[in-house]
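Trainee: I am new to this structure. Please show me how to read it.

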Amino acid sequence: MVHEIENFYGVYLLFCTNPKYRGRTYIGFTVNPNRRIQQHNRGQNAGGARRTHGKGPWEMVLIIHGFPNMISALRFEWAWTKPTESRRLRYLQKKKNSEKMFAYKIRVLSEMLRIGPWNRLPLTIRWLKQDYMVAFDPHCLPPEHMPVEFGPVKCTKVKDSAKSSSSTQLAISCDICHSNCMSSSNCLKCLRCSSSSHTVCLARHFLKSDSGQLLPVEGNCPSCNACILWGDLIRYKHGCYRNPIDLSQEYEDDAEFHQWAHELQAQM
């Protein structure tokens, strides 16, 4: 079964199956996994990375998705690629001589998913190739709100009409403070009952049982009491879950994207 995902931002792990280079790995960012793996296997001239050029075939075995935007995904990619340079992961034990690179990358990933800021994000751990799946250490399991799923994905993007409809809203009151939601830009709607609340009011409501945090993970709607992920509310606000269309463009092919990504990594 192919899962359709809107406004996709993912960080993937490649595994080399070439007998000469077997076991090598590569981590990258993509908005379209199916197209990206083809680029890697076709070589640098087709948009693949320099480090994977001429060493294929490669398998895209695992992808982490659900990032709220490109910046968040790129920061995750950078830290996963260079854990010894990330200030959040410097405490992590370095790769052992006897440890295979694939196992090391999974160990780093399991730690990243358990620490801030990534442990607050609505991420999904997806094994694209189940034959490569390895279980996480029982002592380093990802947070409960991060599902482990299997199978390929089809990336879609939100229609402009869905975005415009999500920003059009009549004057209604917040379900928590009961004052007017004057602008849809500072309100969130429940996916189940469509009740509205100010973003700040709903965040405080969700954090009642999770004090000391700034970003909610999940909570109960003050109107229908449904348990909803905060990330789903944000995605719904931006037009997701309403009539997706196929993704037709990818950032990896954009020279401006590559320059912007390098500048971002240089600042971290």
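Mentor: Start with a pocket. The second largest pocket is lined by 19 residues, and Arg75, Arg87, Arg88, Pro117 and Trp118 lie nearest its centre. A pocket is an open set of points on a 1 Å grid over the protein atoms alone, where a 1.4 Å probe fits, with protein on both sides within 12 Å along at least five of seven lines; lining residues have an atom within 4 Å of a point. This is a predicted model: local features need pLDDT of at least 70, side-chain atom pairs count only at pLDDT 80 or more, and totals for chains, interfaces and linings use all residues. Residues are numbered from 1 along each chain as its sequence is written, and side-chain values use heavy atoms, with hydrogens and water left out.

Trainee: How much space lies in the second largest pocket, and how does its lining divide?

Mentor: Rolling a probe the size of a water molecule over the atoms shows where empty space is left. Here the second largest pocket holds about 450 Å³, a volume being the space filled by probe spheres set on the points. Its lining has 8 nonpolar, 5 polar and 6 charged residues. Asp, Glu, Lys and Arg count as charged; Ala, Val, Leu, Ile, Met, Phe, Trp, Tyr, Cys and Pro as nonpolar; the others, Gly among them, as polar.

Trainee: Which residues lie on each side of strand β5?

Mentor: In a regular strand the side chains alternate between the two faces of the sheet. In β5 (residues 124-127), Thr124 and Arg126 lie on one side, Ile125 and Trp127 on the other. All four are buried, meaning under 20% relative accessible area with a 1.4 Å probe, protein chains only. Strands are DSSP runs of E, at least two residues; helices are runs of H or I, at least four.

Trainee: In what sense does β5 pair with β4 and with β6?

Mentor: Pairing needs at least two DSSP bridges between two strands. β4 (residues 58-65) and β5 are antiparallel, over 4 bridges. β5 and β6 (residues 148-150) are parallel, over 3 bridges. Arg126 stands opposite Ile63, and its bridge partner in β6 is Glu149.

Trainee: Is His198 buried or exposed?

Mentor: His198 is buried, because its relative accessible area is 12%. This residue sits in strand β11 (residues 196-198). Its side chain reaches the backbone oxygen of Asn180 at 3.1 Å. His198 also touches residues beyond four places away in sequence, including Cys174, Cys177, Cys181 and Cys187; contact means heavy atoms within 4.5 Å.

Methods
Buried means under 20% relative accessible area, exposed over 50%, partly exposed in between (1.4 Å probe, protein chains only). A polar contact is a pair of N or O atoms within 3.5 Å; within protein, one must be able to donate a hydrogen and the other to accept it, and residues adjacent in sequence count only if both atoms are side-chain atoms.
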